[in-house]
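Please keep the model open while reading.

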Amino acid sequence: DCSGRLEPFSAVAPDTSSAGTKMYSYVGSSPAAQVKVSDSPAYGKLPPPAVEKKGVMVYRAGERVGFSELKHHVGWMEKHPSNGCVYAAGSGKLRAYKVAADGMLEEFSSADALGNPAHFCLSADGAWALCANYSASTLSVLPIAADGSVGAATDSKHHVVRLNPQLADRQEACHPHQVRLDPGSGAWALACDLGASRVWVYAFDVARGSLAGAANSERHLLLPEASGPRHLDFHPAKPWVYVLCELDGNIVGCRWDAEQGRLTPFGSYYTLPDGVSPCRAHHSGGSHVLVSADGRCLYATTRTDGAVVAFDIDTATGELAFKQRVPCGGVCPRSFVLDYASPGGPLLLVGNQDSQNVASFSVATDGSLSLRSIEELDGVCPNVLTAPA
């Protein structure tokens, strides 16, 4: 169809020619981070890497099978839920890739994301991509067509709020760092804004690909002004959302009202050791947060002290209790995934950006972590990881 008309993906059968995509996992590249920032914890302790390759490491069943070289680094990556394609953000665009039989990636479509996405998410039906554009202070919605190609944006939000000039070292403007759709209904988009110290909550119209809600809506969650929320995750079974704040070192637990689209905080939990203050330098605070599939544990990466921290979740109240802190196995732990497909048992895989490695931790039945292995990435600074399906 050369008409340019975009068909909803859900109306079309999955592309079985790329059904093998699920067996592959990926590590997307970035520039080095803390080693280039003079007030970061790692500056001067590790030389900047001699090589910063651009592209994606490809793995099958945990074994590296190759490297897809690209012209740009990768801001975020997601596998499509049904069409066999992989989507990645890079150089201001959302890009679609076909997956070859050996797992290598071939770009076949791209569209302007209205900024440079630090994160994006795909809707459950695979028809939409929602992008969080950190530097541009925008959220955008892009359609995904029946053939997997990416279309022009259907909607966007541009955030401008009055901020405290004393926090202008990192919070001089709005900086959306992540956007997630409510996994229960898909009817709400939640965006962590590091600059504005807010979680924006917009109604999402899955038929039109539009975001609804005013900038002063009472749905938006306003956090302490120096907190800098970066990422959040939903509990898999209970109405709880956990917001990781990059700049003040806290995780904020919230009750989630999926009918009204409202977050109500119930607790704040410090991720760093006693006596350790969070570093506000770029690439130096909390970075990522995930809740385990069974809903009993929460994990977060903390770049101030280079660690992975684990909390037990009270299944009755959602409250967190500190469980364990382990060294990340490298320098600047940015992204991590939980891999439940590993034949040796569940793994937590951490991409250490500046030391160019991925550390694998075995996850015990109680959720505790133990270092299993460290893989050097041969010139790739890991920015984002995907797990096998």
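**Salt bridges and an open sheet**

A network of salt bridges links Arg-170, Arg-230, Glu-246 and Arg-303. The model is predicted, and local features need pLDDT of at least 70, side-chain atom pairs count only at pLDDT 80 or more, while totals for chains, interfaces and linings use all residues. Residues are numbered from 1 along each chain as its sequence is written, and side-chain values use heavy atoms, with hydrogens and water left out.

A salt bridge here is a side-chain nitrogen of Lys or Arg within 4 Å of a carboxyl oxygen of Asp or Glu. The count by this rule is 13 salt bridges. Side chains of opposite charge can pair when their charged atoms come close.

Buried means under 20% relative accessible area, exposed over 50%, and partly exposed in between (1.4 Å probe, protein chains only).

Lys-36 and Glu-52 meet at 2.8 Å, N to O. Both residues are in the loop between β1 (24-30) and β2 (55-60), 16 residues apart. Lys-36 has a relative accessible area of 46% and is partly exposed; Glu-52 is partly exposed at 25%. Asp-294 and Arg-296 form a salt bridge at 3.0 Å, N to O. Asp-294 is partly exposed, with 47% relative accessibility, and Arg-296 is partly exposed with 39%.

The sheet comes next. Strands of a sheet pair through backbone hydrogen bonds, either parallel or antiparallel. In this model, four strands form an open sheet in the order β21-β22-β23-β24, with antiparallel pairing. β21 (286-291) and β24 (320-327) stand at the edges and have a single partner strand each, so one side of each is left without a neighbour in the sheet. From one strand to the next, the twist averages 20°, with axes fitted as lines to C-alpha atoms, for helices over the stretch in contact, and angles running from 0 to 180 degrees between N-to-C directions.

Two strands pair if DSSP finds at least two bridges between them. Seven bridges join β23 (residues 307-313) to the antiparallel β24. Ala-310 has Gln-324 in β24 as its bridge partner.

Key
Helix = DSSP H or I, 4+ residues; strand = E, 2+ residues; numbered from the N terminus.
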